Amino acid sequence: MAKLVIVESPAKAKTIEKYLGSDYKVTASMGHLRDLPRSTIGVDVERDFEPEYIPVKGREKIISELKKSAKSADTVYLATDPDREGEAISWHLKELLNIPDDKARRVTFNEITKKVVRDSIDAPRSIDMDLVNAQQARRVLDRLVGYKLSPLLWRKMGRPKLSAGRVQSVATRMVVDRENEIRAFQPEEFWQLDVVLDRLSAEGSFRARYYGRDGKKQELHSEEEVNAVVAAVQDQPFTVQSVKRGETPRTPSPPFITSTLQQEASRRLGMTPARTMSIAQQLYEGIDITDQGTVGLITYMRTDSLRISDEAMAAAGSFIVSHFGKEYYPGTPRRFRTRAGAQDAHEAIRPSNVLLTPESIKKDLTGEQYRLYRLIWGRFVASQMAKAVYDSVVVDTACAGHVFQAKYSEIKFPGYTAVYEDTRDDESEEIRNPLPNLTEGEALKPQQFDREQRFTQPPSRYTEASLIRALEEKGIGRPSTYAPTISTITSREYVAKDGRYLKPTPLGETVNNLMCDYFRDIVDLKFTANMEDTLDEIESGKKEWKQIIRSFYGNFDKELTDAEKALDGVRIKVPDEESDEVCDVCGRKMVVKNGRFGRFLACPGFPECTFTKPIVVEMPGKCPKCGSRILKRTSKNGYTYYACERGQECGFMSWYVPVKDNCPECGKTMFKLSGKGQRKPFCINESCPNFLPEDKRGYKKKTTGTKPDTKTKSTRKAAK
């Protein structure tokens, strides 16, 4: 074998092998094959923080096969992802497989298309050790913080699953700080005053809102102030003071980067950041498209750059002109400026081939893949389209020195909105009713006054989208860390989702308070942001990575020693998390507890009252037998299954995961295989033409419609 190409995943291998042909063997490492050990810290502090890398347990067979393939190959192309972690994986592969320098070649693909793959293979490079060292520095820093701090939390709080980390601790602090702002918020009263005005010279009426007095904006803070304004104008004629008409152009948003993709997918699609990145990875690595084979649909999805290649912009321009018309194209490609401090290593996230429209390949994609691809495709195409133009009018009406204002705008030319419309977290409360054709000096008569008492609102809790935006704005983390950070703080139960909002748990607040008291640098936002900048300097070759570790560790070790002394003999109690559920036995409000199989509700009156009950987790979709809710359950053996909320009365259960997509044929809820990776939904309705038999779903056939078998092994053997 002459040429070997090693990538991370089988899907990526399949796509690339199609482009390279029979002269190349493309194989997958299945991710990391060498890492720090899990059981120990794996960093020798005494030997200048030397990492102790070992082969990943359970990957012995893959390592052996790769060693044989690498030994027999003349050239080994290390084609892992084009970022710091991908560079580090390539370096670990080279070291682990004992690949000589003259055989090892590093290649990266910003997009997995035939041209890019062939061009990259033709122009290999050596492994960039600055990139590797930046990743080593991050890994060692996180390992030192996690493995030194976490045992302290275990001992002082009596919970062996707690963890601390550089970025996760800061993210938790941001959520806790926002909650404290909400608690400390003092609402202020204000009033909204509207008047309905009738025209005297023609038919028609419209609504205007109080603006202020004598041309100056003024707020009304009490009912007395409102009554004073009404008393001054209610029996007086109004006059149209000014009518301002104009065109308001609106520029399209730039194409997605990692953070904005995660934010928009959360807002529009309800996807978690982790799920968004998982689906995006599938689109990047390749999807089987009818008559085309496996195709990589998008460019690399971990990026903070808004740069777009000239070829991609030209292709988008041609597509826009041919499908929408010349007026929808601005004439020249639109370029966007990347924010200061961004790494700019890759292009923005865009479709690899703009001609592959979402609708043309919808049948080849799962529901989630289609929705995310449509979002990415639409945002990119819109970014190269002409501005949208709105006709706007602002009317000021005056009476006794008081000004009431009315605004209205409507679209004149759709421009980029023909493809993609931006969304916002907070919609404006401005009056949106059309206005009559008013002229300056026109007389008006007040018909009625509507007043509403309101109060200023506290800042909103973070959503996953707004927390990612805040992390990015403060320079905390990088594109590859946003999703894992949010997954960590929720899985550790420091933060819980209340609807779409993130709320700190009592555990999260307790851990955060301890960190703020004894480890100020770790939870300091500026310190963490500066550390990210330092890692960037290591990547650019400006700083030596071990010197950064030495500088950090001296102060951290002192804080750790001081905390151990201050907390000697202290046991920190975590307040119970109270729920809205009431104990069926004694009537107390139940609290959330953690057990062997996860969280459950328990009576706080233990040991006098021992009543417990599970926390209900409602799944998407409806029961295919009776239409009731589907609930997530755990068997006595710890296995997850999904059952109708009516229990034995209905009898439905399934090992497959219900999804929010309905079958296009019968309209019933579809299901998918559990586990990570790409899972295509299928219909389990036997009377449906779209029904997929169990032996084709990927699991060993189990009996559906009955409860999970909870018999012991010996009982089942005796029954046989």
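Tutor: A disulfide is a pair of cysteine sulfur atoms within 2.5 Å. This is a predicted model, and a search of the whole structure finds 0 disulfides. Cys-666, for example, is in no disulfide, the nearest cysteine sulfur being that of Cys-683, 3.7 Å away.

Student: Is Cys-688 buried or exposed, and how does Cys-666 count?

Tutor: Buried means under 20% relative accessible area; Cys-688 is therefore buried, because its value is 6%, whereas Cys-666, at 29% relative accessibility, counts as partly exposed.

Student: Which residues touch the most other members of the largest nonpolar core?

Tutor: In soluble globular proteins, nonpolar side chains tend to be buried together. Here the largest nonpolar core has 72 residues, and Leu-149, Leu-467 and Phe-519 touch the most other members. Helix α5 (residues 129–157) supplies the largest share of this core, 11 residues. Leaving aside neighbours within four places in sequence, Leu-149 has contacts that include Met-515, Phe-519 and Phe-556. A second, separate core of 62 residues includes Ala-13, Leu-20, Tyr-300 and Met-301.

Student: Where is His-402 found, and is it buried or exposed?

Tutor: His-402 is found in strand β16 (residues 402–413), and it counts as buried because its relative accessibility is 4%. Beyond its neighbours within four places in sequence, His-402 is in contact with several residues, among them Tyr-210, Arg-213, Val-229 and Thr-397.

Technical notes. Residues are numbered from 1 along each chain as its sequence is written. This is a predicted model: local features need pLDDT of at least 70, side-chain atom pairs count only at pLDDT 80 or more; totals for chains, interfaces and linings use all residues. Side-chain values use heavy atoms; hydrogens and water are left out. Helices (H or I, at least four residues) and strands (E, at least two) are DSSP runs, numbered from the N terminus. Buried means under 20% relative accessible area, exposed over 50%, partly exposed in between (1.4 Å probe, protein chains only). Contact means heavy atoms within 4.5 Å. A nonpolar core is a set of buried Ala, Val, Leu, Ile, Met, Phe, Trp, Tyr and Cys residues joined through side-chain atoms within 4.5 Å.
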